[in-house]
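Here's a walk through one protein chain, going from a single residue out to the whole fold. Have the model open as you read.

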Amino acid sequence: MEKLKKTFRWFGPEFGVALKDIKQIGVEGIVAACQNIPLGEVWPMAVIQTLKDQIEAAGLEWSVVESVNVHTAIKYGLPDRDLYIENYIQTLKNLAANDIKTVCYNFMQLIDWTRTDLDYKLDNGASALRFNPLSAAAFDLFILKRKDAQKDYDKSIVEKASEYFQAQSSEEKTKLEQSILAGMPGSRKLIDLNEFRINHKRVLKISKTELQENLAYFLKAIIPEAEKLGVNMAIHPDDPPFSVFGVPRIVSNYEELKFLLTCCPSPNNGLTFCSGSLGASPKNDLLKIIEEFGDRIHFIHLRNVSRHADGSFYEADHLNGTLSMEKIMKALVKEQMKRHQLLAEVRIPMRPDHGHVLLDDQLRQNEFYAGYSLVGRAIGLAQLTGLELGVRQELIG
């Protein structure tokens, strides 16, 4: 029986990880994007073809696009959103013409993900990504200086955040700011703080309901076209799956996933199941999400998190953390086996999401983007591959 398709995210030749190295670790497909096309513009056929040729020359397949980013005019419901939706549809047509038909995207506001420490030292000497709500509150209150931010925090948290911030050196404060403003995969350029403030003020004026309506508007426009093209759209959950800096989340839990899937009930309107993003909240039942929405999962990100009582978490080894990766893998394999009985195409693409910085990667971590070291992800892929084989053996008997 066919297994999950092993894929690996790659950011291009300037990224510091070569395709020939990725090929050596047993990867079948590449997860990539046309990184240098400005947000909102159509991806030209020639650019897509060039990247595809480069990937195939290494003996690999371009399996998934991550991401065709959604323009802020669409997210915020601005007057020119229809123009950018048309551009988005044309990009999907150009991708489909090159037989690239799985698209991971997100609808997150401001930044793609938020971490407060990109180099959190572990006991074994490796480093990981970490989110500390106290650090996030300190950024919000004393660096971003959001108006009325104090109202969103308990008095004790404001006091602790103030003490924490005052105890930080100028270098530590700068590191915190840079960690948060680095939340755009595929770019080493930090978001400008003043630009962040302007966009932040704008999105705070938009209610959660309005943001959901804007997502529904986008889906109702693009999914009929995706159906014609045979393209599967796979939205990525918000990361982390709770409000940060007062900004609402709309793709972070069971109810929100159900809303986006039912507002446009098409098999092509699906999910990227990210265990690490959803699993950062103890309120999310990941097995329930897989069981109820499994037929709409078009792409899988697997990573583990170690959650703590204060709301903080760091990205743990793929098989060691708060989440039961064995149960998650078993639920995903059951879904894949179900598809094997019903469909011709059953190889759901899966990639190890993020990885620790360790061994030789510690000597060259400035070459790759936070979370995307080579060795850490290679270890994760090996662990997940072994886990999948063990789970399948157990299920088949």
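## Arg351, an arginine on the inside

Let's start in strand β12, residues 349-352, where Arg351 sits. This is a predicted model, so keep that in mind throughout. Is Arg351 buried or exposed? Its relative accessible area comes out at 0%, so it counts as buried.

What does the side chain of Arg351 pair up with? There's a polar contact of 2.9 Å between it and the side chain of Asp353. Leaving out residues up to four places away in sequence, Arg351 also touches Thr7, Phe8, Arg9, Val31, Glu66, Phe299, Ile300, His301, Leu302 and Tyr372.

## An open four-stranded sheet

Next up is an open sheet of four strands, running in the order β5-β6-β11-β10 with antiparallel pairing. At the edges you'll find β5 (117-121) and β10 (304-307), each of which pairs on one side only. On average, and ignoring direction, neighbouring strands in this sheet are turned by 40° against each other.

Inside the sheet, β6 (residues 127-131) and β11 (residues 313-316) are joined antiparallel over two bridges.

## Helix α5, mostly under cover

Helix α5 covers residues 133-144, and nine of its twelve residues are buried, which leaves the helix mostly covered. The buried set is Ser135, Ala136, Ala137, Ala138, Phe139, Asp140, Leu141, Ile143 and Leu144. What does the covering? Strand β6 is part of it, and so are the helices α6 (155-167), α7 (170-180) and α8 (193-204).

Both ends of this helix deserve a look. At the start of α5, Asn132 brings a side-chain oxygen to within 3.0 Å of the backbone nitrogen of Leu134. After α5 comes Lys145, with a positive phi near 55°.

At the start of α10, a side-chain oxygen of Asn253 comes to within 3.2 Å of the backbone nitrogen of Glu255.

Ile223 has a relative accessibility of 1%, so it counts as buried. Beyond residues up to four places away in sequence, Ile223 touches Met233, Cys264, Ser266, Asn268 and Asn269.

Strands β7 and β8 pair in the parallel sense over three bridges. Strand β4 (residues 102-105) also pairs with β7 in parallel, over four bridges. Within that pairing, Cys104 has Ala234 of β7 as its bridge partner.

## The whole chain

Zooming out, the protein chain holds 14 helices and twelve strands. The C-alpha trace spans about 60 × 50 × 40 Å along its principal axes. For 397 residues, a compact globule would have a radius of gyration near 21 Å, so the 20 Å of this chain agrees with that.

How much of the chain is buried? Of the 397 residues, 55% count as buried. As for contacts with a separation of 6 or more, 73% are between residues 24 or more positions apart.

Conventions. Residues are numbered from 1 along each chain as its sequence is written. This is a predicted model: local features need pLDDT of at least 70, side-chain atom pairs count only at pLDDT 80 or more; totals for chains, interfaces and linings use all residues. Side-chain values use heavy atoms; hydrogens and water are left out. Buried means under 20% relative accessible area, exposed over 50%, partly exposed in between (1.4 Å probe, protein chains only). A polar contact is a pair of N or O atoms within 3.5 Å; within protein, one must be able to donate a hydrogen and the other to accept it, and residues adjacent in sequence count only if both atoms are side-chain atoms. Contact means heavy atoms within 4.5 Å. Two strands pair if DSSP finds at least two bridges between them. Axes are lines fitted to C-alpha atoms, for helices over the stretch in contact, and angles run from 0 to 180 degrees between N-to-C directions. The radius of gyration is taken over C-alpha atoms; the globule rule is 2.2 Å times the number of residues to the power 0.38.
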